[in-house]
Amino acid sequence: MIGSIAGILTTLAFIPQVIKVVKTKDTKSLSLGMYSMQVVGVFLWLIHGIVIRDMALVVANAITFCLSLVILVHKIIYK
C-alpha cells in the first residue's frame, strides 16, 4: 500500500511542471542535465519493471517517462 501511494505521488508530481512548461514554454530555470538523467533513469526503471513483470513499476514509470520526456523535449526546443 505504501509503495502504491509513493508511486502515485511521485508520478503525479510531474504534472504541474508539465502543464507550466507546455503553457509558458519557459524552461530557462530547468536543468537540461537533470531532465536528461531523469528520462534515462525512468526509462531504465520501466525496462526493469517489464523484465521482472511488475505492472505497478511499469505503469508508474511509463507515465513518469512520458511526462519527463515532454519537459525534456520542451527544454531542448525552447532553450
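**Surface, fold and packing**

Mentor: Gladly! This is a predicted model.

Trainee: How do you know what share of the residues is buried?

Mentor: A residue counts as buried when its relative accessible area is under 20%. Of the 79 residues of the protein chain, 30% count as buried.

Trainee: What makes up the fold, helices or strands?

Mentor: The protein chain has 4 helices and 0 strands, so the pattern along the sequence reads α-α-α-α. The C-alpha trace spans about 35 × 20 × 15 Å along its principal axes.

Trainee: Why are α3 and α4 called roughly antiparallel?

Mentor: Look at the angle. Helix α3 covers residues 32-52 and helix α4 residues 55-77, and their axes cross at roughly 155°. Angles over 145 degrees count as roughly antiparallel, and therefore α3 and α4 are described that way. Their axes come within 8 Å, and α3 passes α4 in a left-handed crossing.

Trainee: Which classes of residue form the contact of α3 with α4?

Mentor: That contact has 17 nonpolar residues, along with 7 polar and 1 charged.

Trainee: And what share of the contacts joins residues at least 24 apart in sequence?

Mentor: Taking contacts in the protein chain between residues at least 6 apart, 69% join residues at least 24 apart. A contact here means heavy atoms within 4.5 Å.

Conventions: Residues are numbered from 1 along each chain as its sequence is written. This is a predicted model: local features need pLDDT of at least 70, side-chain atom pairs count only at pLDDT 80 or more; totals for chains, interfaces and linings use all residues. Side-chain values use heavy atoms; hydrogens and water are left out. Axes are lines fitted to C-alpha atoms, for helices over the stretch in contact, and angles run from 0 to 180 degrees between N-to-C directions. Helices (H or I, at least four residues) and strands (E, at least two) are DSSP runs, numbered from the N terminus. Angles under 35 degrees count as roughly parallel, over 145 as roughly antiparallel, 65 to 115 as roughly perpendicular and the rest as oblique. A crossing is left-handed if the near helix is turned anticlockwise from the far one by less than a right angle, and right-handed if clockwise. Ala, Val, Leu, Ile, Met, Phe, Trp, Tyr, Cys and Pro count as nonpolar, Asp, Glu, Lys and Arg as charged, and the others, Gly among them, as polar. Buried means under 20% relative accessible area, exposed over 50%, partly exposed in between (1.4 Å probe, protein chains only).
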